[in-house]
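Subject: Structure handover

Hello,

Here is the structure for you to look at. My notes follow below it.

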Amino acid sequence: MLLLVDDIKFETEELFFGYVNAMFPDDEITDEDSLFKALTEGSPEIEFILSDYDKIEDEFKDFATRILHKLVDVKAANKNFKLTMIET
């Protein structure tokens, strides 16, 4: 599975979690903990690509930083998870 998240998807928590939730129809992803659970349970290979992270506007940086830290935790917990950052 491939998830591509750009800076626009960090403009609201609803937008971000709505997008990610749509990729996991069997899970309800509404916060960082449910995101961690969805990305660490099971064994499917998941690649999470963050694009234009450096372009996230200041007002959304706190949320984006929390998500990035959670994704790093996922990477440590799930050997089938790949986190890629693309900066333009």
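Leaving aside its neighbours within four places in sequence, which residues is Ser51 in contact with? They are Leu4, Val5, Asp6, Asp7 and Ile86, where contact means heavy atoms within 4.5 Å.

This is a predicted model, in which local features need pLDDT of at least 70, side-chain atom pairs count only at pLDDT 80 or more, and totals for chains, interfaces and linings use all residues. Residues are numbered from 1 along each chain as its sequence is written, and side-chain values use heavy atoms, with hydrogens and water left out.

Ser51 lies in strand S2; helices (H or I, at least four residues) and strands (E, at least two) are DSSP runs, numbered from the N terminus. Its relative accessibility is 16%, so Ser51 counts as buried (under 20% relative accessible area, with a 1.4 Å probe and protein chains only).

Helix H2 spans residues 32-40, and its residues Glu32, Ser34, Leu35, Ala38 and Leu39 are buried. They are on the same side of H2 because they cover an arc of only 160° around the axis, taken from the directions from the helix axis to the C-beta atoms. The buried residues of H2 pack against helix H1 (13-23), strand S2 (46-51), helix H3 (61-77) and strand S3 (81-86). Just after H2, Gly42 has a positive phi of about 75°.

Between H1 and H3, Glu13, Phe16 and Phe17 in H1 meet Phe63, Arg66 and Ile67 in H3.

Regards

Terms used:
Buried means under 20% relative accessible area, exposed over 50%, partly exposed in between (1.4 Å probe, protein chains only).
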